[in-house]
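This report describes a single protein model, with attention to its sheet, its metal site and its pockets. Please view the sequence and the structure together while reading.

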Amino acid sequence: MSQKQWTAVDRYFTDLLAPADPALAKALKTSAAAGLPPINVSPNQGKLLMLLARLQGARSILEIGTLGGYSTIWLARGLPPGGRLVTLEAEARHAEVARANIADAGLADIVELRLGPALDTLPKLAAEGRGPFDLIFIDADKPNNPDYFAWALQLSRRGSLIIADNVVRSGEIIDRSSRDPGILGVRRFSELVAAEPRVAATAIQTVGSKGYDGFAMVLVVADP
Ligand code: SAH
Ligand code: DHB
Ligand code: MG
């Protein structure tokens, strides 16, 4: 089993079940042209996010880590009429690309992009009385995942769904001696989730066009 095969199988399912439309294709094209790192979710992962939003009946979504807006577009497409999505991005260049992509996808009135470090914006959202959010997607700088989880809980209600991307990192996650701040952040995140009595959670390994990684799903089962 190899990256080549994972990519080919992803292409097979993507072509069948999550084919690109003009807005998604343009989002990837403009992101690449602007030199953004190609670390967006894959098409079939994006479709999973959309389906999870639908299954959740989400009317309000919070995303931490916008990049060029690719996952944002998938998530926003899972919202019903009147739904809203807030997405947080620290890099002005990424936010500029994302804003254009979100507008091109016809989602400008649904998506609110907040520019700035998420740990500055999250307390502001709380102070503004935003939330609780029905679905929260954590996909920014991994060293801050422990703090993002704490804020996600704070901005949740019983029944909210928290999804965290990149919790496996080619298996590096089980390296207890790792000094990589990203690995340390994701390990600490997983430990905090495990110790949190107000949630029920699991984590799933994935292979595909984005390599070997995985995601965590955390359901808030008690009032935070
Ligand atoms: N969710 C996107 C990928 C996000 S990549 C998708 O799948 O399409 C991670 C993003 O988090 C990058 O754009 C990076 O600039 C942003 N980021 C990094 N540190 C951040 C911080 N402290 N606050 C907010 N965003 C941050
Ligand atoms: C990285 C970040 C991501 O969100 C991702 O999906 C893949 C890679 C990274 O920082 O390397
Ligand atoms: Mg990611």
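How many bridges join β6 to β7, and in which sense do the two strands run? The two strands run antiparallel and are joined by 10 bridges. The model is a predicted one, in which local features need pLDDT of at least 70 and side-chain atom pairs count only at pLDDT 80 or more, while totals for chains, interfaces and linings use all residues. Residues are numbered from 1 along each chain as its sequence is written, chains are lettered from A and ligands numbered from 1 in the order in which they are written, and side-chain values use heavy atoms, with hydrogens and water left out.

## The sheet

Helices (H or I, at least four residues) and strands (E, at least two) are DSSP runs, numbered from the N terminus. Two strands are said to pair if DSSP finds at least two bridges between them. Seven strands form an open sheet with mixed pairing, in the order β3-β2-β1-β4-β5-β7-β6. Its edge strands, β3 (111–115) and β6, each pair on one side only. On average, neighbouring strands of the sheet are turned by 15° against each other, direction ignored; the axes behind such angles are lines fitted to C-alpha atoms, and angles run from 0 to 180 degrees between N-to-C directions.

Strands of a sheet pair through backbone hydrogen bonds, either parallel or antiparallel.

| Strand pair | Sense | Bridges | Bridge partners |
|---|---|---|---|
| β1 and β2 | parallel | five | Ser 60 and Arg 84 |
| β5 and β7 | antiparallel | five | Asp 165 and Phe 215 |

Strands β6 and β7 form a hairpin with two residues between them. Ser 209 has its place in the loop between these strands. The C-alpha atoms of Ser 209 and Gln 3 are 7.2 Å apart in space, although the two residues are 206 residues apart in sequence. Ser 209 is partly exposed, with a relative accessible area of 31%; buried means under 20% relative accessible area, exposed over 50%, and partly exposed in between (1.4 Å probe, protein chains only). Strand β7 is largely enclosed by the rest of the structure, because seven of its 10 residues are buried.

## The metal site

Asp 139 (OD), Asp 165 (OD) and Asn 166 (OD1) coordinate the magnesium ion (ligand 3) at 2.0 to 2.1 Å. Donors are N, O and S atoms within 2.8 Å of the metal (3.2 Å for Na, K and Ca), and sites may look incomplete because water is not among the atoms. In sequence, the donor residues follow the spacing D-x25-D-N. Both Asp 165 and Asn 166 are buried.

## The pockets

A pocket is an open set of points on a 1 Å grid over the protein atoms alone, where a 1.4 Å probe fits, with protein on both sides within 12 Å along at least five of seven lines; lining residues have an atom within 4 Å of a point. Grid points are joined across faces, edges and corners, and a volume is the space filled by probe spheres set on the points.

The largest pocket has a volume of about 710 Å³. It is lined by 41 residues, and the closest to its centre are Ile 39, Asp 139, Ala 140, Lys 142 and Asn 166. Helix α3 supplies the largest share of this lining, four residues. By class, the lining has 19 nonpolar, 13 polar and nine charged residues; here Ala, Val, Leu, Ile, Met, Phe, Trp, Tyr, Cys and Pro count as nonpolar, Asp, Glu, Lys and Arg as charged, and the others, Gly among them, as polar.

The second largest pocket holds about 250 Å³ of space. Of its 17 lining residues, Asp 10, Ser 42, Asn 44, Gln 45 and Leu 48 lie nearest the centre. Here too α3 gives the most, with five residues.

## Backbone features

Most residues other than glycine have a negative phi, and most peptide bonds are trans. A cis peptide bond, with omega about 5°, joins Gly 131 and Pro 132. Pro 132 lies in the loop between α6 and β4 (135–138).

Arg 169 has a positive phi of about 50°, and Ser 170 has a positive phi near 55°. Arg 169 counts as partly exposed at 34% relative accessibility, whereas Ser 170 is exposed, with a relative accessible area of 53%.
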